[in-house]
Amino acid sequence: MTREATPKAFPEQRIFKPLYFILLFVLGLTGFGQMPIFKRYYIADIPGLGWLANFYATHYIHYIGAILLFGFFAYAGVIYFGLIRKQFHLTSAAYIRIAILALIAITGIFRVLKNLPDMVFSPLFTMVIDISHLAFMMFLMIFGILFMVLKKGWLVEK
Amino acid sequence: MPKEISRRSFLKGSLVAACATCASQVPLPASAKSKDGQELATLIDIRKCIGCEACVEACREVNDFKYPEPEKPFPKMYPNRVKVADWSDEEGREVRDRLTPYNWLTIQSATVDIDGEETELSFPRRCMHCQNPPCADLCPWGAARKLENGITVIHSDICLGGKKCQVVCPWNIPERQTGVGIYLDILPSLAGNGVMYKCDRCYNRIADGELPACIEECPEDVQIIGPRDEIVREAHRLVEEEGVYIYGETENGGTNTLYVSPVPYETLNQAISKGPGQPHFDKVEDQMAHADNLAKAMLIAPLAGMAAAVGKIYKASKKLGDHAGEAS
């Protein structure tokens, strides 16, 4: 019988989890900040959150978060294949998370490309990218909550 | 000035050629592409403008069919801080001394000193059509977008009127009209607030091989239009030969609207009325430059992550080897 477990042999795991949550929280917050809602709904009026109404600030932070996330994904991926896979394998919940994260990353990359000078996408493609990026983030949140309730982790012992 | 730039036939010919070569690419209105895919820019010579407002009237006339016809009463907005923006009554529609959803081009004036003589200058102001427009880059729905020919348009069927484009625009150009647009079909009280409007440089007329109305109707030939590199070259020629000053070549990383003025823009900027619907002539840094640099860093990030992980695995393997050696 297999059981889902935290690979105690790898100290990275202690850092991976909080880092993953912090990055996703910041990216989610600044991503929603791309819509003009935080000022409208007084959230930016909360002391310390005024920056949420600054579209350039949220945009830069979203980009910085994406840079860190890409670095983190690459690091975690190589560590998994190089070290963790010997003792653990990914759960089905992990595969679902990875698929959604990949879709978020791909649509995000297209959005970044679209923002570069001299890069012009068709209106329909731009809209599909924008809305699907948001929709995949919503899926990730829904599945994240679901897996948390069902206690479905990322790794299972071999 | 290259003769062909100001000629309607040149524009028409180049657009038709572009149309033929690009027709198979579909995503954008093919006919709205300029020759060789170059962006089209305009050059506004402030010295020539007499402030007759012929451009303003021409703009209003040809774009009348694009103006909002809002449904009233407007939906009650929540929370209360969300203000209605309504220019649709008779008085609002007649406003010409600022930009509004019904007035995409306005004439500004300034009294300045030229060679010791008090001189009244006037000049048309509208969207600058940035080369890397923050309004289009940061629009969360893709409603604001840049066409391949350098025109930035706001798609009124998609825009929710959140006003983000106005906030991020260095000149705060787009103007909102409440009570119109797709937000009425979604959550009219809770999200969106109308549609944003601004100059679209008569993209539909350009697609048909015509000049923008403001250029065509100007009795003084204040504006010319052509491929951006030719427009920039002409502006530099005027600087060298006639000592004018350029605005728009580098502002916000470069715009497709260039001005030439007989006085420095600091002087002009101090002499004009500035505020809502009345754009400034300040220096403007490239608003998207930081984001563009961060985008490059996104390419390096995965490589850095992989390198760090490989280092970690190497260390772990070495440690394991050392332990194995000690055990034996």
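pLDDT is the predictor's confidence in each residue, from 0 to 100. This is a predicted model, in which local features need pLDDT of at least 70 and side-chain atom pairs count only at pLDDT 80 or more, while totals for chains, interfaces and linings use all residues. Residues are numbered from 1 along each chain as its sequence is written, and chains are lettered from A, with ligands numbered from 1, in the order in which they are written.

Stop 1: Select residues 1-5 of chain A. Here pLDDT stays under 50, and the model has 11 contacts for these residues beyond four places in sequence. Two residues are in contact if their C-beta atoms, placed from the backbone, lie within 7 Å. Where pLDDT is low, the predicted coordinates should not be read in detail.

Stop 2: Now colour chain A by confidence. Its mean pLDDT is 88, and 92% of its residues reach 70 or more. Chain A has four helices and two strands, in the order α-α-β-α-α-β. Helices (H or I, at least four residues) and strands (E, at least two) are DSSP runs, numbered from the N terminus. Pick helix α3 (residues 92-115) of chain A, where mean confidence is highest, at 94. Then pick strand β2 (residues 155-157) of chain A, where it is lowest, at 84.

**Stop 3: where the chains meet.** Show both chains. 35 residues of chain A are in contact with 41 residues of chain B. Which helix of chain A gives the most to the side that touches chain B? It is α2(A), with 17 residues. By class, this side of chain A has 26 nonpolar, seven polar and two charged residues. Ala, Val, Leu, Ile, Met, Phe, Trp, Tyr, Cys and Pro count as nonpolar, Asp, Glu, Lys and Arg as charged, and the others, Gly among them, as polar.

Stop 4: Chain B has 10 helices and 10 strands. Buried residues (20 or more other C-beta atoms within 10 Å of their own, C-beta atoms being placed from the backbone) make up 42% of its 328 residues. A nonpolar core is a set of buried Ala, Val, Leu, Ile, Met, Phe, Trp, Tyr and Cys residues joined through C-beta atoms within 7 Å. The largest such core has 61 residues, and B:Leu43 is among those with the most contacts inside it. Strand β1 (residues 40-45) of chain B supplies the largest share of this core, four residues. Select B:Leu43: beyond four places in sequence, its contacts include B:Ile224, B:Ile231 and B:Val260.

Last, select A:Leu27, A:Ala66, A:Phe70 and B:Ala301, which are among the 10 residues of a second, separate core.

Key
A residue is buried if 20 or more other C-beta atoms lie within 10 Å of its own, exposed if 12 or fewer, and partly exposed in between; C-beta atoms are placed from the backbone.
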